[in-house]
Amino acid sequence: MEVSKWISYCVKKKALFCNICLCYGDGSGSFSKGFSVWRHVYERISDHEETITHKLNVDAHLMKKQFSSVDSLLTHGLGSIRKIQVKNNRNVLLRLIDVLKLIGKRGLSYRGKTNEAAYSLDDSSLDHGNFLEITLLISKYDSLLKGPGRDYLIRGNI
């Protein structure tokens, strides 16, 4: 019988413990409290290795070893989400910069005659100025400017 590496023996308590379950478990299992029934001990060890709790604790241990910190475990999935958000925000800004370059190249004014038109972008009868009108036109066909890009325009947080 091969003895598992996760088993430890406490001389003081005269019991076997599962190191993995002690570290990652909730302390409710027999090998977390200390296993001291020596009858059929090898079978009990094998049974413990097959429990769902032990397998989940082993998975937690392997993830800990892979990522080496709790912070990286918590933020592992968030990094890819953050990268997508940054990419989308950059693409929105690139479109808005292109609009600004076009207006500057043509020598057009950026704003309309009334500044209040910027607060009512849904009213197409108002003159919103060249920048907002071109951006609204592009947003009809560009999915990036329909969602977050439109929010940038309404809030003014470019």
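Cys21 counts as buried, at 3% relative accessibility. Cys18 is buried too, and its relative accessible area is 0%. Keep in mind as you look that this is a predicted model.

How many disulfides does the model have? The count is zero. The cysteine sulfur nearest to that of Cys18 belongs to Cys21, 3.4 Å away, and a disulfide needs the two sulfur atoms within 2.5 Å. Cys21 is likewise in no disulfide, its nearest cysteine sulfur being that of Cys18.

## What surrounds them

Leaving aside residues up to four places away in sequence, Cys21 touches Ser32, His48, His54 and Asn57.

Both Cys18 and Cys21 belong to the largest nonpolar core, a set of 10 residues. A second, separate core has eight residues, including Val92, Leu96, Val99 and Leu145.

## One face of α3

Which residues of α3 are buried? They are Val41, Ile45 and His48. Viewed down the axis of α3, these buried residues fall within an arc of 60 degrees, so they line one face of the helix.

The protein chain has a mean pLDDT of 78, with 76% of its residues at 70 or more. Where pLDDT is low, predicted coordinates should not be read in detail.

Terms used:
Residues are numbered from 1 along each chain as its sequence is written. This is a predicted model: local features need pLDDT of at least 70, side-chain atom pairs count only at pLDDT 80 or more; totals for chains, interfaces and linings use all residues. Side-chain values use heavy atoms; hydrogens and water are left out. pLDDT is the predictor's confidence in each residue, from 0 to 100. A nonpolar core is a set of buried Ala, Val, Leu, Ile, Met, Phe, Trp, Tyr and Cys residues joined through side-chain atoms within 4.5 Å. Buried means under 20% relative accessible area, exposed over 50%, partly exposed in between (1.4 Å probe, protein chains only). Contact means heavy atoms within 4.5 Å. Helices (H or I, at least four residues) and strands (E, at least two) are DSSP runs, numbered from the N terminus. The arc is that of the directions from the helix axis to the C-beta atoms.
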